[in-house]
Amino acid sequence: MSLNVPLLQMTFQRAKHENGGLKTLGSRFYERLFEKYPNLRALFHTPLEEQQQKLMASLEAMISMITHPDKMQSYLQEMSARHIAYQVENRHYGAICENLLAVLGEHLSKEGDWTSEMRFTWNDALASVSKTMVKAAERPNEDQSS
């Protein structure tokens with residue numbers, strides 16, 4: 001799978017500057033997540049505003065590393081290890097990806113376009129992130145780079 005990196009970067013820049021920026025995006029992410037997936041609420045013990053900031057910082061970090069696969073791999077492995085400690089299960093990643101994709105589409109379509117190409121590109125990117133994190137969670141003591 002080849003990701004459209006410029007499109008990911010451009011849409012993330014838009015998300016940072018449109019419709020209240022990342023604070024609004026993060027807030028809406030958790031609002032919708034807990035509406036649609038109320039069982040996931042129990043996994044979050046950090047104050048919501050702090051959690052929103054962590055999520056947006058993680059997204060920004062991933063976008064900045066997207067052209068550096070080795071760095072991205074290490075980052076996702078470390079994040080996966082943290083999520084194991086938070087009792088995140090592999091089945092939760094689908095809900096998180098679905099939710100982020102939906103909220104990103106809402107966010108970007110308020111002041112501009114959210115095209116099918118953007119949706120497909122973000123879906124592929126999130127699926128790749130999820131797959132890497134699940135693989136790392138299943139084998140936490142192995143190097144996943146091979």
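## Arg32 in helix α2

Arg32 touches Tyr37, Glu98, Asn99, Ala102, Val103 and Glu106, leaving aside residues up to four places away in sequence; contact means heavy atoms within 4.5 Å. The residue is found in helix α2, where helices (H or I, at least four residues) and strands (E, at least two) are DSSP runs numbered from the N terminus. Arg32 is buried, its relative accessible area being 13%. Buried means under 20% relative accessible area, exposed over 50%, and partly exposed in between, with a 1.4 Å probe and protein chains only.

## Model and confidence

This is a predicted model in which local features need pLDDT of at least 70 and side-chain atom pairs count only at pLDDT 80 or more, while totals for chains, interfaces and linings use all residues. Residues are numbered from 1 along each chain as its sequence is written, and side-chain values use heavy atoms, with hydrogens and water left out.

The mean pLDDT of the chain is 88, and 90% of its residues reach 70 or more; pLDDT is the predictor's confidence in each residue, from 0 to 100. Among the elements of the chain, α1 has the highest mean pLDDT (97) and helix α4 (residues 69-85) the lowest (79).

## Packing of α1 with α2

Two packed helices are described by the angle between their axes and the distance between the axes. Helix α1 and helix α2 (residues 21-36) pack at about 95°, with axes 5 Å apart. Axes are lines fitted to C-alpha atoms, for helices over the stretch in contact, and angles run from 0 to 180 degrees between N-to-C directions. The angle makes α1 roughly perpendicular to α2 (under 35 degrees is roughly parallel, over 145 roughly antiparallel, 65 to 115 roughly perpendicular, the rest oblique).

From α1, Phe12, Ala15, Lys16 and His17 meet Gly21, Leu22 and Leu25 of α2. These contact residues divide into four nonpolar, two polar and one charged. Ala, Val, Leu, Ile, Met, Phe, Trp, Tyr, Cys and Pro count as nonpolar, Asp, Glu, Lys and Arg as charged, and the others, Gly among them, as polar.

## Packing of α1 with α5

The axes of α1 (residues 5-17) and α5 (residues 92-109) come within 10 Å and cross at roughly 65°, which makes α1 roughly perpendicular to α5. Thr11, Arg14 and Ala15 of α1 make the contact with Leu104, His107 and Leu108 of α5. By class, the residues of this contact are three nonpolar, two polar and one charged.

## Ser116 in helix α6

Ser116 lies in helix α6 (residues 116-138) and counts as partly exposed at 42% relative accessibility. Ser116 and Gly105 are 11 residues apart in sequence and 9.8 Å apart in space, C-alpha to C-alpha.
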